[in-house]
Amino acid sequence: MCYVWVSKNLTVDEQVQLLLMRIENYPTEEKQSLGHSLNDMMLRCSFDSDACYPAHFKINTYKNSGNCFTLGDKTAEPSLSWPVTQAGPANGLIIELDIEQDEYLPMTESAGIKVLLHSGSEIVFPDNSGILAAPGFVTSIGIRKSESYLLPAPYGNCISQSSDTNSIKNLYEELGYTYTKDACMRTCLQKEIFKSCGCIESDVVNIINVLNYKDWLDLDQTKSIQICDELSERCIYKTVLQFQKGQLGCDELCPSACEQIVYHTTVSNSLWPSSAYIDTYIHFVNQTPTIRNKAYNWTAYPQAHVRNNFLRLEIYYETLNFEVSTSSPTFDWNSLLGNIGGQLGLWLGFSVLTAVEIVQLTMQVCVHVIHLQYDKYRKARTCRDTEIAPPPGSTYV
């Protein structure tokens with residue numbers, strides 16, 4: 001198979017993409033079975049000193065990253081909460097894993113796992129971000145939580161979770177996941193693939209019902225939707241490459257979410273197991289079949305096998321305090337009216353007292369004008385009466 005790809009002058013990245021696209025057409029259950037199983041990988045797990053098991057993790061399968069296991073996914077059935085009572089490594093998630101390097105493909109360049117910290121209501125894409133943990137080490141991740149609440153239009157360009165635009169730009173909303181910029185970017189990519197290649201990827205079909213997908217694409221319900229196959233691989237690869245280079249305009253179409261939860265991390269690691277403890281740990285693994293789903297056939301160098309395949313994760317809160325930042329409009333209607341009144345009071349001396357004084361002055365002016373008019377009228381009448389009836393003893397010439 002590799003020889004055929006090379007004869008088509010494909011790069012290594014293109015070969016990997018074509019392989020992933022061929023696997024993508026498999027049913028979800030079969031794709032999950034081809035990936036790593038947490039039942040095989042997990043050696044030990046605890047959260048806040050309580051045991052956790054593979055059944056507590058929800059599995060999502062991604063085309064480029066394989067199986068992803070999430071603890072605390074709020075869309076899981078049943079959805080479980082994992083409260084933390086104290087800060088520190090002993091009160092967080094401690095998990096020991098076997099990465100099973102013997103099952104890696106020859107084209108796999110690195111060994112280890114990727115860790116992503118996110119809200120349980122968000123869907124994540126492992127190829128976008130994450131912390132790499134290598135075998136042979138204990139990776140300690142201290143986290144600090146912060147929340148931010150921005151204002152939507154007309155104050156900003158973020159999207160609120162209650163906005164109608166949310167459902168248009170987030171095809172994962174039907175699964176119960178909230179809007180994120182990454183989810184919007186993937187939604188934009190799927191639309192561009194349909195527009196350019198005339199098909200939809202099978203992993204999206206596995207996520208979203210086809211009829212709902214027709215509504216999402218504004219298609220006639222009577223029309224059939226073509227699932228991307230090997231004939232569409234070149235077109236999809238070209239569209240994905242344009243997406244990675246930012247040439248599809250998805251960044252402009254996908255603003256940030258108004259409600260965001262961010263986990264700031266401090267990462268450190270050290271050799272694990274130590275040289276003094278490694279034999280004891282090998283004995284522990286061999287003697288505890290209840291925590292593993294397979295029997296280890298140790299090579300002549302079991303210590304080397306542990307170094308190359310086993311790792312330990314410690315994820316914990318550095319402090320139970322968290323930061324909350326909120327935005328508020330600089331001017332709302334109350335502030336606007338208050339500022340207008342304040343400016344008028346400052347620059348014009350306008351106040352309730354001034355208004356009363358103006359009314360009083362107006363009334364006084366009116367009374368004075370009336371009084372003047374009355375005096376004028378009285379004098380005029382007096383003069384007229386004098387002309388008509390002169391006083392006694394006067395003579396006319």
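**View 1. Lys145 over the ring of Phe322 in the predicted model.** Lys145 sits over the face of Phe322, 5.2 Å from the ring centre. A charge counts as over a ring if NZ of Lys or CZ of Arg is within 6 Å of the ring centre and within 35 degrees of the ring normal. The model is predicted, so local features need pLDDT of at least 70, side-chain atom pairs count only at pLDDT 80 or more, and totals for chains, interfaces and linings use all residues. Residues are numbered from 1 along each chain as its sequence is written, and side-chain values use heavy atoms, without hydrogens and water.

**View 2. Tyr277 and Tyr281, a tilted pair.** Rings of Phe, Tyr and Trp (its six-membered ring) pair if their centres lie within 6.5 Å; planes under 30 degrees apart are stacked, over 60 edge-to-face, the rest tilted. In Tyr277 and Tyr281, the centres are 6.0 Å apart and the planes meet at 45 degrees, so the pair is tilted. Tyr281 is buried, at 0% relative accessible area. Tyr277 is partly exposed, at 32%. Buried means under 20%, exposed over 50%, partly exposed in between (1.4 Å probe, protein chains only).

**View 3. Tyr281 and Phe284 in helix 11.** These rings have centres 5.6 Å apart and planes at 40 degrees, so this pair is tilted. Phe284 is partly exposed, at 21% relative accessible area. Tyr281 and Phe284 are three residues apart in helix 11 (residues 278–287), which means a separation of about one helical turn. Helices (H or I, at least four residues) are DSSP runs, numbered from the N terminus.

Conventions:
Helices (H or I, at least four residues) and strands (E, at least two) are DSSP runs, numbered from the N terminus.
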